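Okay, hi everyone, thanks for making time. Let me put my structure up on the screen and walk you through a few spots I picked out.

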Amino acid sequence: MSENALVDNSNYASIFDFDGTLLDSLDVWDKIDEESFAKRGIKVPADFADSTATMTPRQVADYVIKRFGFTDSPEDLMKEWQDMAFDAYAKHLPLRKGAKNYVDYLHKTGAKTVLITTLSKSLCVAALKRTDLYDYFDLMIFGEDLESNAKNSYKTYVDLAKRIGVKPSNCTVFEDSDAALKSARLAGMKTCGVADSINGDFDFAPKSLK
């Protein structure tokens, strides 16, 4: 995006998910799920990714223990998954096409930029710093900061708008989760779905948040 094309986005906010939205990371979690389940002689069910899409790491751990009978503690499961994922986040996973340029563009146009993710802080910060996105955000909310099923509730987004001092109608949420997009719309926000490789191309994202 050319700086000659700058618009005025002051008094507006862009609210980004991270996993699968800014970062092209979903394949790594499919592999982690497969390896973790296979160690316990279980096949990952087809509905697992959708069922856990808006859960925090602790919620996912509690969920698999209850549903599949894992005998590990939630803490041990979270550490297992964290250890399996850290190298990928710290060293390898790429941003979506155009993601950094788009966040930079919004920052230059005066928009507030917010990150809200169910991903753990350590994994997210490692990837943000490696990709030079860390300093762009006015507010970052990680999995440890969220209550259970937070992204499934419109109240999460209403409260977030109050926290950053921007009207919900002046906020645009970028997400790959249908449940989170629905919550944002119920809160009165605009939404931009990032569903796959094609829709994940930020070169086509809106320049104006109005």
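Which side chain does Ser36 join in a polar contact? It's Trp81: the side chains of Ser36 and Trp81 make a polar contact of 3.1 Å. Keep in mind that this is a predicted model.

So where are we? Ser36 sits in helix 1, which covers residues 26-38. Is Ser36 buried or exposed? Its relative accessibility is 1%, and buried means under 20%, so Ser36 counts as buried. If you skip the neighbours within four places in sequence, Ser36 touches Phe70, Glu80, Trp81 and Met84.

Okay, next stop: Leu133. You'll find Leu133 in the loop between helix 6 (121-130) and strand 3 (139-141). Leu133 has 0% relative accessibility, so that one is buried too. Again leaving out neighbours within four places, its contacts include Leu22, Leu95 and Val103. Now look at Leu22: along the chain, Leu133 and Leu22 are 111 residues apart, yet their C-alpha atoms are separated by 9.8 Å.

Leu22 comes up again in the largest nonpolar core. That core has 45 residues, and the ones touching the most other members are Phe16, Leu22, Tyr89 and Phe137. Helix 1, helix 3, helix 4, helix 5 and helix 6 each put in at least two residues. And why does this core lie between domain 1 and domain 2? Because both domains give residues to it.

Notes
Residues numbered from 1 in each chain as written. Predicted model: local features only at pLDDT ≥ 70, side-chain atom pairs only at ≥ 80, totals over all residues. Heavy atoms only, no water. Helix = DSSP H or I, 4+ residues; strand = E, 2+ residues; numbered from the N terminus. Buried < 20%, exposed > 50% of the residue type's maximum accessible area, 1.4 Å probe, protein only. Polar contact = N/O pair within 3.5 Å; in protein donor to acceptor, adjacent residues only side chain to side chain. Contact = heavy atoms within 4.5 Å. Core = buried A, V, L, I, M, F, W, Y, C linked by side-chain atoms within 4.5 Å. Domains from an automatic or database assignment.
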